[in-house]
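Dear colleague,

Please find below the structure that I am handing over to you, followed by an account of what was found in it.

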Amino acid sequence: VEVLQREMLDLGVSGYNEFSGVGHLRYVQMMVERHSNRVQLTLVWNADNYRRASPTVQLLVKKLKLYPMFHSLWINFRTGPGNVIFNRDPKAWHLAHGPPYVRETILPQSANLSFPIGPNMFRQGNLEQFEAMLRAIQPFIPPKSRVCELYAGAGMIGLSTAASTCEWLRCSDENPANLEAFLQVKRRMPSDTAQ
C-alpha cells in the first residue's frame with residue numbers, strides 16, 4: 001500500500017470522488033499469492049478503456065512493475081455512479097504486467113490441487129480457514145456420491161473435497177471468468193479422476 005501511495009502521489013494520481021465523478025482511481029484490490037508472497041494488484045480506474053486512462057495509468061504501471069513484490073498488475077475500467085467495484089465486462093479488464101493468475105494450492109496434504117485465480121474471480125479472503133472448512137466437509141461426502149456445487153467459482157470446494165471419490169461432480173457458476181480456471185485444474189487432475 002505504501003508503494004502504491006508513494007507512486008500515486010509522485011504522478012498526481014487522484015482518488016475518485018463519487019459525488020463529482022472526478023478522479024482517477026476508484027478502488028484497489030490486492031491479492032497475495034501465498035507461496036510466493038507476491039501481490040496481484042488490480043486498479044479500478046475511472047475511464048472507459050486503456051487509451052482514455054493514459055498516459056497516467058501507463059506511467060503508474062511503468063513505475064509499479066519495477067517492484068518485485070508485484071506478481072501482476074491489472075486495470076479494470078469502470079465509469080458511472082454507484083458502488084459496484086468491478087466492471088464485469090471482459091473488455092473492461094487489462095493485464096498490464098505479469099501472469100494472468102495467482103496460483104493457490106488447496107489442501108496440499110490431500111488433493112494437492114493448484115487453482116488459478118484472476119482478479120475477476122471470487123477468492124476466499126482467509127484461505128487457511130477455508131481449508132479447515134474443506135477438511136470438515138470431506139467426511140460428509142460418501143464415496144460414489146453425486147455432487148453438484150452451485151456458485152462454484154473455479155470449483156475449489158467440489159474439486160478439493162469430492163472429485164477423487166464421487167461418481168460425478170458438476171460445478172456451476174455464472175461468472176464466465178471461472179470456466180478457464182476450472183478447466184485448467186481439471187486438465188491437471190489424474191485421468192481417472194478428471195472424467
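The largest pocket is lined by 19 residues, and nearest its centre lie Phe-122, Tyr-151, Ala-152, Gly-153 and Asp-173. A pocket here is an open set of points on a 1 Å grid over the protein atoms alone, where a 1.4 Å probe fits and protein lies on both sides within 12 Å along at least five of seven lines; lining residues have an atom within 4 Å of a point. The volume of the largest pocket is about 350 Å³, taken as the space filled by probe spheres set on the points, with points joined across faces, edges and corners. Its lining divides into nine nonpolar, five polar and five charged residues; Ala, Val, Leu, Ile, Met, Phe, Trp, Tyr, Cys and Pro count as nonpolar, Asp, Glu, Lys and Arg as charged, and the others, Gly among them, as polar.

The model is predicted: local features need pLDDT of at least 70 and side-chain atom pairs count only at pLDDT 80 or more, whereas totals for chains, interfaces and linings use all residues. Residues are numbered from 1 along each chain as its sequence is written, and side-chain values use heavy atoms, with hydrogens and water left out.

Phe-122 belongs to the loop between strand S6 (113-117) and helix H4 (127-137). Helices (H or I, at least four residues) and strands (E, at least two) are DSSP runs, numbered from the N terminus. With a relative accessibility of 63%, Phe-122 counts as exposed; the term means over 50% relative accessible area, buried means under 20%, and partly exposed lies in between (1.4 Å probe, protein chains only).

In H4, the buried residues are Leu-127, Phe-130, Glu-131 and Leu-134. Seen down the helix axis, they fall within an arc of 100° and so line one face of H4; the arc is that of the directions from the axis to the C-beta atoms. These buried residues pack against S5 and helix H5 (156-161), contact meaning heavy atoms within 4.5 Å.

Helix H1 may be described in the same terms. Its buried residues are Val-3, Leu-4, Glu-7 and Met-8, and they cover an arc of only 125° around the axis, which puts them on the same side of H1. Their cover includes S1, S2, H3 and strand S3 (70-77). The face turned away from the buried side carries the exposed residues Glu-2, Leu-9 and Asp-10.

There are 10 salt bridges in the structure, each a side-chain nitrogen of Lys or Arg within 4 Å of a carboxyl oxygen of Asp or Glu. In one of them, Glu-7 pairs with Lys-63, with the closest N and O atoms 3.1 Å apart. This pair joins helix H1 (residues 2-11) to helix H3 (residues 56-64), the two residues being 56 residues apart. Glu-7 is buried, at 9% relative accessible area, and Lys-63 is partly exposed, at 24%. Lys-63 also forms a salt bridge with Asp-10 (2.6 Å, N to O). Because Lys-63 lies in H3 and Asp-10 in H1, this pair ties together parts that are 53 residues apart in sequence.

A further salt bridge connects Arg-34 and Glu-104, at 2.8 Å between the closest N and O atoms. Arg-34 sits in the loop between strand S1 (25-33) and strand S2 (38-45), and Glu-104 in strand S5 (residues 102-106), 70 residues apart. Arg-34 is partly exposed at 29% relative accessibility, whereas Glu-104 is buried at 1%. Both residues belong to a network of salt bridges that also links Arg-123, Glu-128 and Glu-131.

With kind regards
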